Amino acid sequence: MSISESTARRYELQDPDVRLMLLVRDDDAAAFEELMLRYQRRVVTVLEHLVSKRDLAEDLAQDVFMRVYRSRKTYVPGSRFSTWLFTIVNNVASNARRSLARRKEVQVTNPAEQSGSQPADPMERIATAASGMMPTRQLDKSEMGSIVRQAVESLNERQRMAVLLSKFEEMSYADIAETMGMSVQAIKSLLSRARANLKEALQPYLQEGTVP
């Protein structure tokens, strides 16, 4: 889909992360590092909820940022940066789930890493290094947090993704719809069903303290 110059200019003016990504497009390594610092925890959190494995989520997050880096030269702002980024996250997570379903190992496609050598490109080194510094999983200390996590993980894939983008990213219906390739009305219905399912899942704990 082509993006008009006026649309691109509007997002450039409104979204500071779009401006950073435009600097990345011009090979600004510092801008790329700043974007990673801003989003890596959020991307890992969403991915962990989608694939239910912290280690895999961190590997997939690295894949996401490598895709951002490799597509920088063709980047044209047609939405908020976060919407564009989480569209990539959604695609990467979907691919990983399909691979898991086929019981195949998911591997990050990084030839330099596989050979044990460092990428020659400085921006690519930043992507690899920053991803490697992602924090290891912290155990949930809150029983309630654990219960909510289980409830979210009980949702189907689409409901879970919509809830995560709404709750953690505070995205609008329109942005979630664009990220997931659905209509705004469909997203509203999806979130409504997800909230009903979460309420049903959490009700025994909230009313009687029963841990699933």
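Biologist: Is Arg97 buried or exposed in this model?

Modeller: This is a predicted model, and a residue counts as buried when its relative accessible area is under 20%. Arg97 has a relative accessible area of 14%, so Arg97 is buried.

Biologist: Which side chain does Arg97 meet in a salt bridge?

Modeller: A salt bridge needs a side-chain nitrogen of Lys or Arg within 4 Å of a carboxyl oxygen of Asp or Glu. Here the side chain of Arg97 meets that of Glu157, at 3.0 Å from N to O. The pair links distant parts of the chain, with Arg97 in helix α5 and Glu157 in helix α9, 60 residues apart. Glu157 counts as partly exposed because its relative accessibility is 41%.

Biologist: Where do Asp63 and Arg67 lie?

Modeller: Both belong to helix α4, four residues apart, which is about one turn of the helix, and they form a salt bridge whose closest N and O atoms are 3.7 Å apart. Asp63 counts as buried at 11% relative accessibility, whereas Arg67, at 33%, is partly exposed.

Biologist: At what angle do helices α4 and α5 pack?

Modeller: Helix α4 (residues 54-70) and helix α5 (residues 81-101) pack at about 130°, their axes being 10 Å apart, and that angle makes α4 oblique to α5. Their crossing is right-handed. Among the residues making the contact are Leu60, Asp63 and Arg67 of α4, together with Trp84, Ile88 and Asn95 of α5; by class, the contact has eleven nonpolar, one polar and two charged residues.

Biologist: How many salt bridges does the count come to?

Modeller: The count comes to twelve. One of them joins the side chains of Arg54 and Glu48, at 2.9 Å from N to O, and both of these residues are buried.

Definitions and conventions. Residues numbered from 1 in each chain as written. Predicted model: local features only at pLDDT ≥ 70, side-chain atom pairs only at ≥ 80, totals over all residues. Heavy atoms only, no water. Axes fitted to C-alpha atoms, helices over the stretch in contact; angles between N-to-C directions. Helix = DSSP H or I, 4+ residues; strand = E, 2+ residues; numbered from the N terminus. Parallel < 35°, antiparallel > 145°, perpendicular 65-115°, else oblique. Left-handed = near helix turned anticlockwise from the far one by under 90°. Contact = heavy atoms within 4.5 Å. Nonpolar A, V, L, I, M, F, W, Y, C, P; charged D, E, K, R; others polar. Buried < 20%, exposed > 50% of the residue type's maximum accessible area, 1.4 Å probe, protein only.
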